[in-house]
Amino acid sequence: MSRGNAPRRRTLLERLSRFELRGFGAAGRARNAPYVLLVLALLLFPILDSDSSQVNVAAVAGVWILLALGLNIVVGYAGLLDLGYAAFFAIGSYSFAILASGQFNIHISFWILLPLSAFIAAIFGVLLGAPTLRLRGDYLAIVTLGFGEIVPRVFRNATPITGGVNGIVGIDQPKLPPILGWNGNFGFNPVPYYYLILVIIIVSIFLINNLRNSRLGRAWMAIREDEVAAAATGINTVTTKLLAFALGASFSGFAGTYYASKLFLVVPESFSFQAVSVVVLVMVVLGGMGNMRGVIVGAILIYFIQTYLLIQLPGWITSATAALNIDFLTKLDVGGYVQRSNYLIFGIILAGIMLLRPQGLIPSAQRKVELELGTTDEAVSDLGSA
Amino acid sequence: MRFFVEQLTFGLTNGAIYALIALGYTMVYGIIELINFAHGDIFTVGGFFGLTVIGLIGLDRAPAILLLPGLVLVFAVAMGLNGLLGVVIERVAYRPLRNAPRLAPLITAVGMSFVLEGILFLLKGPNQVSYPNLLPAGSINLGFASVGTAAVLIVLIAIALMVALSQFIRRTRIGRAMRATAQDRDAARLMGININRTIAITFFIGSALAAAGGIIYGFYFQTIAFDVGFRAGLVAFTAAVFGGIGNVVGAAIGGFVIGVIIALISGYFQGGAQWSDVVVFSILILTLVFRPTGLLGMRVPEK
């Protein structure tokens, strides 16, 4: 590990000096300043939003960012196509819902179940991955797709345990000891949820970043580039892939627990291929596979398109056509078409990005700099990939 | 006995549809080793092409004497159009990525699946669209049970198409080129085979067969919707894997077997219909894990 870190530090120093040359002032702070400012802004955001409606949106959007970060490990770093990501999300949600609700009158604490259900999801990831990761890469895609279809159906059909079509309602919500005049109950107040997901995401970013730069992370990228060559250098490809797959699954399970407690209910319909697996894949592919910043931007963009643009746009178009008195357009129901266009948009993004810009919207700029400076450590791997 | 025959007929009819879709998966996989995720939706589009042609020539209101030539026309036009669609998709989405890392064409295929589904969703809306049943309504009495004429016809049409396909692959020059390309693309190119054209023809045939499946689906269930191809495609893919991916006869057998399995589970178990998909997708996973070459499959080397 130390060998891997040494050239990176040098790169950083050189980059810092570049910033200084450009006149950014105190170098170290200048580099981190945008991120510190961003985190500060995110921390202060709930104070500015008086009725907390935007905080609520952000608290749910955070789930998708977490999902995208997790899938990025599988698809972006290890190069494995997981089309059943929703299954682990569902497993996390239902594990929490069953163990912390009136369903069986079991009420285990959220803080225990959060890691536990991530662990359960990871176990399912290992159970599914262990036999299939030996197969060809594209078989994994179809096996995960099948698994992603099986899990929600099982939850829908196993009515005595999962509540069937109606799902489980009245899921417990997290509690903290009272602090600073706040009683510590999350309840339906989005603000504590917002801070919770913010903390989870920031911790995840640090964690994944360290993983990526670790021996394991480099092994993932080696496998993605050339599995045979990676195996020849002594990497145990099956174990390494399995770790990526299980880690991705645990992120999904983690997100599922949070999601279930935030929404207060789980229903099998929210875990379909179209509602989750593909959406997260679009986020990762659009933002840039293998680049965390890109993936986060991709997640926010897609979430915005799906929950805001496609819902608001039809209304705007309808009122615009009505105001302009364009009769034939009103009859054409443009708004309805817009609202139904999400599948088409997702499809165009997936195919279009792969054909025209496989590195995604935000290709890893950091690696470009590294390349320019001649430290080829990890850099080449990202250019040719995907 | 009567119930068993009913379920068996239902299973074989569904199986015929799955088999027609599975042929496309298996042919494309055999020749370029791509899981064409869009194939299920190509099937749906084919069904809608058929519906459009029926509406255009007014076949659902035509006198009985014109029915047979009309049906032939519907199948021919829809299959041709759908074949062209398959060729266009291959040309636009898959060919540029033929030498790219494996992940790229797979993700593109998922994308094309959503493009097709999205277009149908836009044009046809979220609801079921009713489909005329132009197949004869009667039934054939076997003594111990009776079998619908439509079911018999469907299975016969499907088998006829399959036999035609296998003869085409076995006997014609193009068929030989397809087999050669599947075996070793570079060697085939050196032998003077036009690889691009051969792959395009494979997509044409696969998509045309899917269109036949789509029309039959419409006739049989008298309804079609923009997203029926997703589930049907996954079931058909299971059939292709079960029979041995890359193997045309295997896909046909797999389709019928899976169709019958679904029908028997739905018929004989309480609430079986809800669980049949779980069973089918479990078969998919178990086949891939324990016998990835399927019943009759060729050996697929890891690349």
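Select chain B and colour it by burial: buried residues make up 51% of its 303 residues (buried means that 20 or more other C-beta atoms, placed from the backbone, lie within 10 Å of a residue's own). This is a predicted model, in which local features need pLDDT of at least 70 and side-chain atom pairs count only at pLDDT 80 or more, while totals for chains, interfaces and linings use all residues. Residues are numbered from 1 along each chain as its sequence is written, and chains are lettered from A in the order in which they are written.

You will find 11 helices and 4 strands, which are DSSP runs numbered from the N terminus (helices: H or I, at least four residues; strands: E, at least two).

Now pick helix H5 (residues 149–171) and helix H8 (residues 195–221) of chain B. Their axes are 11 Å apart and the packing angle is about 175°; axes are lines fitted to C-alpha atoms over the stretch in contact, and angles run from 0 to 180 degrees between N-to-C directions. That makes H5(B) roughly antiparallel to H8(B) (angles over 145 degrees count as such). Show side chains where they touch: among them are Ile157(B) and Leu161(B) from H5(B), and Leu209(B) and Ala212(B) from H8(B). Contact here means C-beta atoms, placed from the backbone, within 7 Å.

How values were computed. Angles under 35 degrees count as roughly parallel, over 145 as roughly antiparallel, 65 to 115 as roughly perpendicular and the rest as oblique. Two residues are in contact if their C-beta atoms, placed from the backbone, lie within 7 Å. A residue is buried if 20 or more other C-beta atoms lie within 10 Å of its own, exposed if 12 or fewer, and partly exposed in between; C-beta atoms are placed from the backbone.
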